[in-house]
Amino acid sequence: EALGRRELEMHLQPLYEIAPQRIAGYEALIRWNHPERGAISPAEFIALAEETSLIVPVGEYMLHEAIAALVAMRNAGIEPLPFVSINVSPRQLREARLIEQLLVWLKDAGLSTTAVKLEITESQVLDYRHVSELLSQCRIHGIRVALDDFGTGFSNLSHLRELAFDTVKIDQAFVRDIKTEPRAVAMLEAIVALVHAIGADALVEGVETQEQLELLQRLGCRYAQGYLIGKPLPLKQVLERG
């Protein structure tokens, strides 16, 4: 019903490319403003959708919204056109035509395959066959894929060894305590070095202070994401800011 009534809304959180000091892209995040209950946490309704087949139409909705957002940014004259990073659910990974459909939608919109980036959380990469097939298809067509939330929960170095991700998103836990915990700095430095060693870009989540951003710059980290850079905003506000 929420899909039919268009109660689900996409918000965009900026992804900052540190060296050139620019917003290079956005992560698409889903929000649900229920007419009676108000804002419902994604942690609540995404988990429910994952247990049912509803996550597939929700995922397709987000892909369509992300492409529409890119078209709107292009029409607004935003140059260079940023990319939009979109989370892919485990059930979507099992959809044989996922990449084929995405390519059609991008072509119809007149967008390059570099305009989108797919994100897979670590809990999903346990299914190596589906993820490996997705990565192969994406590599053929020039679609980049990121490993999300690396460093917590299901962390496994085998994921980085077996699967060639373009970007590794490092969990905010590793940047949060750098001011008070020297071991946190050492671990962050080691993880960024590991990501670079396998030929991927490092993106650190949860950046909230200038000190954290400066550390990432010293480590040669490519991207930063967090409230220092910007909070998730509706597309309208993103377009107003240019």
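Reply: The cavity and its surroundings

The structure holds one cavity of 30 Å³ or more. Here a cavity is a set of points, on a 1 Å grid over the protein atoms alone, where a 1.4 Å probe fits but cannot get out, and its lining residues have an atom within 4 Å of a point. Rolling a probe the size of a water molecule over the atoms shows where empty space is left. Please keep in mind that this is a predicted model, in which local features need pLDDT of at least 70 and side-chain atom pairs count only at pLDDT 80 or more, while totals for chains, interfaces and linings use all residues. Residues are numbered from 1 along each chain as its sequence is written, and side-chain values use heavy atoms, with hydrogens and water left out.

The volume of this largest cavity is about 40 Å³, taken as the space filled by probe spheres set on the points, with grid points joined across faces, edges and corners. Its lining consists of Leu 15, Phe 83, Ser 85, Lys 117, Glu 119, Ala 146, Lys 169 and Leu 203. Four of these are nonpolar, one is polar and three are charged; Ala, Val, Leu, Ile, Met, Phe, Trp, Tyr, Cys and Pro count as nonpolar, Asp, Glu, Lys and Arg as charged, and the others, Gly among them, as polar. At least two lining residues come from each of β4 (83-87) and β5 (116-121). Such strands are DSSP runs of E, at least two residues long, and helices are runs of H or I of at least four, all numbered from the N terminus.

Let's follow Phe 83, one of the lining residues. There is one aromatic pair by the rule that ring centres of Phe, Tyr and Trp (its six-membered ring) lie within 6.5 Å, with planes under 30 degrees apart called stacked, over 60 edge-to-face and the rest tilted. That pair joins Phe 83 and Tyr 223 edge-to-face, at 6.1 Å centre to centre and 80° between the planes. Because Phe 83 is in strand β4 and Tyr 223 in strand β9 (residues 223-224), the pair ties together parts that are 140 residues apart in sequence. Phe 83 and Tyr 223 are both buried, a word used under 20% relative accessible area, with exposed over 50% and partly exposed in between (1.4 Å probe, protein chains only).

Now for Val 145, which belongs to strand β6 (residues 144-150). Val 145 counts as buried because its relative accessibility is 1%. Its C-alpha atom is 5.8 Å from that of Glu 119, 26 residues away along the chain. Leaving out residues up to four places away in sequence, Val 145 touches Lys 117, Leu 118, Ile 120, Leu 135, Cys 138, Phe 165, Asp 166 and Thr 167, where contact means heavy atoms within 4.5 Å. Of these, Lys 117 also lines the cavity.

Strand β6 holds Asp 149 as well. Its phi is near 60°, a positive value in a residue other than glycine. Most residues other than glycine have a negative phi, and most peptide bonds are trans. Asp 149 is partly exposed, with a relative accessible area of 28%.

One more stop is the loop between α2 (55-75) and β4, where Pro 80 lies. The peptide bond from Glu 79 to Pro 80 is cis, with omega near -10°.

Key. 1 Å grid on protein atoms, 1.4 Å probe; cavity = no way out; pocket = protein on both sides within 12 Å on 5 of 7 lines; lining within 4 Å.
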